[in-house]
Amino acid sequence: MKNNHFFAMLSRMKYIDRWGLMRNTISENISEHSLEVGFIAHALGVINNKIYGGSVNAERLALLGMFHDVTEIITGDMPTPVKYYSPVIRNAYKEVEAVAKDQLLTGLPEEFREEYASLLLETEEEKELWKYVKAADKLSALIKCVEEGQMGNKDFAQAEETIRKAVEGMDMPEVRYFAENFLPAYNLTLDESN
């Protein structure tokens with residue numbers, strides 16, 4: 001029993017704040033962010049299947065989205081400008097993520113580890129699905145920027161412009177569909193949404 005700490009560690013996601021280099025009007029932790037990424041990744045799968053006649057496993061996308069930042073329980077949230085500053089730093093961070101994944105998996109009984117291992121870091125077998133998760137992650141970041149902008153926080157203006165360009169540059173019709181049909185609603189008030 002003493003090694004069954006995996007789910008207790010997951011509950012610590014709520015203590016890891018995102019956007020550490022930015023002034024936030026509303027703080028966001030990786031638990032909140034991961035749930036939103038799960039919602040959006042699932043939506044991208046549904047869009048692929050219903051609008052574009054695909055056969056993406058939307059439920060698997062939701063799971064991958066929910067778990068995509070779990071290693072940050074150990075590593076913390078490294079700001080994007082730091083993480084991608086150089087290939088050396090990015091490769092070192094990937095190694096740290098792999099160690100964090102292995103450490104987290106020790107908190108599960110042996111017979112459960114394989115089931116969860118593929119949720120914690122990108123695998124070659126699910127490379128195509130992870131493209132959707134990465135797109136959902138970008139869309140979630142864009143939503144955060146939009147929300148901060150609505151609160152009058154100019155600190156996110158440059159990030160919003162950069163992320164919006166990245167989203168628009170994705171060669172994924174599902175992302176375009178989501179951006180055109182669902183993103184505008186994030187600019188509405190609650191009363192305007194009803």
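Visitor: Hey, how many salt bridges does the count come to?
Guide: The count comes to 11 salt bridges. Keep in mind that this is a predicted model.

Visitor: OK, which side chain does Arg18 meet in a salt bridge?
Guide: Arg18 pairs up with Asp69, at 4.0 Å from N to O. Arg18 sits in the loop between helix H1 (6-10) and H2, while Asp69 is in the loop between H3 and helix H4 (72-75), so this pair ties together parts that are 51 residues apart in sequence.

Visitor: And why do side chains like that pair up at all?
Guide: Side chains of opposite charge can pair when their charged atoms come close.

Visitor: New topic. Which residues make the nonpolar surface patch?
Guide: That one is made by Leu35, Phe39, Leu63 and Met66, and the patch is about 370 Å². H2 and helix H3 (58-67) are the elements that give two or more residues to it.

Visitor: Where's Phe39 in all that?
Guide: Phe39 is in helix H2.

Visitor: What about the second largest pocket, how much space lies in there?
Guide: About 200 Å³. It's lined by 13 residues, and the closest to its centre are Ile26, Ser27, Glu28, Lys144 and Glu147.

Visitor: Which helix supplies the largest share of that lining?
Guide: H8 does, with five residues. Helix H2 (30-50) and H8 each supply at least two residues of the lining.

Visitor: And what's the lining like by class?
Guide: Six of the lining residues are charged, four are polar and three are nonpolar.

Visitor: What happens just after H8?
Guide: There, Gly152 takes a positive phi of about 85 degrees.

Notes. Residues numbered from 1 in each chain as written. Predicted model: local features only at pLDDT ≥ 70, side-chain atom pairs only at ≥ 80, totals over all residues. Heavy atoms only, no water. Helix = DSSP H or I, 4+ residues; strand = E, 2+ residues; numbered from the N terminus. 1 Å grid on protein atoms, 1.4 Å probe; cavity = no way out; pocket = protein on both sides within 12 Å on 5 of 7 lines; lining within 4 Å. Points joined across faces, edges and corners; volume = space filled by probe spheres on them. Nonpolar A, V, L, I, M, F, W, Y, C, P; charged D, E, K, R; others polar. Patch = residues over 30% accessible without salt bridge, like charges linked within 9 Å, V, L, I, M, F, W, Y side chains within 5 Å. Areas by Shrake-Rupley, 256 points an atom, 1.4 Å probe, with all protein chains shown as cover.
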